[in-house]
Amino acid sequence: MLLRSFFQSMVTSSSCFSGHNIHRRCTSISVYASALRAISIPCGTLYAPRLSLTLCFCSTNARSSVDPSSPQLSKQGPLKPGLYLVGTPIGNLEDITLRALRVLKSANVILSEDTRHSGKLLHHYCINTPLLSYHKFNESQREQLVLRRLQGGEIVALISDAGTPGISDPGTELAKLCASKGIPVIPIPGPSALVTALSASGLPTNEFTFVGFLPKHAGSRKERLMISANEAATQIFFVPPHKFCQFLVEIYCLFGASRQCVMAREMTKVHEEFWRGTVEEAKETFSTNQPKGEITFIIEGKATCVEETPSESELENDLREMISQGYSLSEAVKLVAAGTSVKRKVIYSIALKKFGKQLELEDN
């Protein structure tokens, strides 16, 4: 009772735990805890009338208080050898799982897309596992080295700069190689830019197509966009900021002006932004205001409805519009055919009849 009264007098006023007083009071609390141990009373929870206080003595540096290998964090025992695909934060360093931290700390080596970038994450959580660069320019050279280490019974963790490895990031070929050699490939779920953006987009999520980064070749880009423009599912793209304006012009021509879209950038970071509107509004908004940071762009799918067969004059107008935008005759036919049920050869015959002579004169 004497000890309880002593402690109660110490904590009845909240001011005793603020400012410089906390250092003075910690000594008293330590003495009290020692006294409890001496008389065999558990000191995890200190009890006083009308008060229950659990003490948690932590370092002022939150990083050092996290021990991923602590038995309290995992009851699964030692990790088995194999390739671990570890999801890491796409921005905010707090977006990492305890299991991911445990794997990164327990691994023999961590394959990293950018060792300098990943070093910041590991330093934040006091993880000293060796790093080995593994990116799209050295994947083929590293594969055999990594394979030998895995066959030797090591634990290899693979991380990308942000998000889940193998999703528009290095890792796909290594995972395929390990699977073919009977080496365990263990996914450690974590953040993903496409799921993060989709979940907050406000667009349909029941069915979607992840396109990722578009091909660099202009012809291949158009072909891929033509496919996406005619799908009913929500379409998700990764777009580099320096190609964003070009991307908006391309989708404006193929998706139309009224399709709803969402631009998500810098997700989970300080300058996180979700912009919502139509394709036409996006084109106008960002033509003079190019956004910074990694961009995930989402476009609603094509509305499913019974389309009436367009007349010849309507097809002629569509062809004329495409040709005026600089498309060749064959490209214009492909684009118009992609947006209608009319067979391509019918549209091609119309194109030759209406514009064939015009194009011949231009070529001459």
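**View 1. D318, a partly exposed residue in a predicted model.** D318 has a relative accessibility of 35% and therefore counts as partly exposed. That value falls in between the limits, because buried means under 20% and exposed means over 50%. The model shown here is predicted. D318 sits in helix 11, which covers residues 312-324.

View 2. Which residues form the negative surface patch? E308, E314, D318 and E321 form it. D318, one of these four, belongs to helix 11.

**View 3. T296, a buried residue in a strand.** T296 is found in strand 12, made up of residues 295-299. Is T296 buried or exposed? T296 is buried, because its relative accessible area is 4% and buried means under 20%.

**View 4. The surroundings of T296.** Neighbours within four places in sequence are left aside here. T296 then contacts A193, A197, I236, F237 and F238, among others. V262, M263, A264 and M267 are also in contact with T296.

**View 5. The chain around these sites.** The chain has 364 residues, and 38% of them count as buried. T296 is one of the buried residues. How many helices and strands does the chain have? There are 13 helices and 12 strands. Consider contacts between residues at least 6 apart in sequence: 69% of them join residues at least 24 apart. The chain exposes about 20,600 Å². Carbon and sulfur atoms supply 53% of that area.

Methods: Residues are numbered from 1 along each chain as its sequence is written. This is a predicted model: local features need pLDDT of at least 70, side-chain atom pairs count only at pLDDT 80 or more; totals for chains, interfaces and linings use all residues. Side-chain values use heavy atoms; hydrogens and water are left out. Patches are made of residues with over 30% relative accessible area and no salt bridge: like charges are joined within 9 Å, nonpolar side chains (Val, Leu, Ile, Met, Phe, Trp, Tyr) within 5 Å. Accessible areas come from the Shrake-Rupley method with a 1.4 Å probe; for residues, only the protein chains shown count as cover. A salt bridge is a side-chain nitrogen of Lys or Arg within 4 Å of a carboxyl oxygen of Asp or Glu. Lys and Arg count as positive and Asp and Glu as negative; His and the chain ends are not counted. The place of a charge is taken as NZ of Lys, CZ of Arg, CG of Asp or CD of Glu. Helices (H or I, at least four residues) and strands (E, at least two) are DSSP runs, numbered from the N terminus. Buried means under 20% relative accessible area, exposed over 50%, partly exposed in between (1.4 Å probe, protein chains only). Contact means heavy atoms within 4.5 Å.
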